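Biologist: Please put the model up. Then let us take it helix by helix.

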Amino acid sequence: MNPDEQAPAAPSTAPRAQPRNPLHGVTLEAMVVALQAHYGWQELGRLVPVRCFQSDPSVSSSLKFLRKTPWAREKVESLYLFMLREQRRNAPGGR
């Protein structure tokens, strides 16, 4: 390579801002904690029928299962988004 030429820039690995993505920056743990606080384990186990929410539930056991099970994680993320919409709708001055 000639000294006047520059090497091609490596693609940036820094995450891009996602201002329209409500899940951006929200950890799975934060979602599970918020859902448990809002619905409780019993209702959460009814809405997302997985054993980690129904039998001896805990945040840590739920995280282990959800990290290994993409379909269950998608259901949790979807329920989290639903909960956020409901909270906004029911907030004073909400739409």
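Biologist: How do helix 3 and helix 4 lie to each other?
Modeller: This is a predicted model, where local features need pLDDT of at least 70, side-chain atom pairs count only at pLDDT 80 or more, and totals for chains, interfaces and linings use all residues. Residues are numbered from 1 along each chain as its sequence is written, and side-chain values use heavy atoms, without hydrogens and water. The axes of helix 3 and helix 4 come within 5 Å and cross at roughly 115 degrees. With 65 to 115 degrees counted as such, helix 3 and helix 4 are therefore roughly perpendicular.

Biologist: Which residues of helix 4 make the contact?
Modeller: Contact means heavy atoms within 4.5 Å. Helix 3 brings Phe65, Leu66 and Lys68. Helix 4 brings Pro70, Trp71, Ala72, Arg73 and Val76.

Biologist: Where do the buried residues of helix 3 fall?
Modeller: Buried means under 20% relative accessible area, exposed over 50%, with partly exposed in between (1.4 Å probe, protein chains only). In helix 3, residues 59-68, the buried ones are Ser62, Leu63 and Leu66. Seen down the helix axis, they fall within an arc of 100 degrees, so they line one face of helix 3.

Biologist: Which exposed residues sit on the face turned away?
Modeller: Look at helix 3 on the face away from its buried side. The exposed residues there are Lys64 and Lys68.

Biologist: What is the relative accessible area of Ser62?
Modeller: Ser62 touches Val32, Trp41, Cys52 and Phe53, leaving out residues up to four places away in sequence. Ser62 is buried, and its relative accessible area is 0%.

Conventions:
Helix = DSSP H or I, 4+ residues; strand = E, 2+ residues; numbered from the N terminus. Arc of directions from axis to C-beta. Axes fitted to C-alpha atoms, helices over the stretch in contact; angles between N-to-C directions. Parallel < 35°, antiparallel > 145°, perpendicular 65-115°, else oblique.
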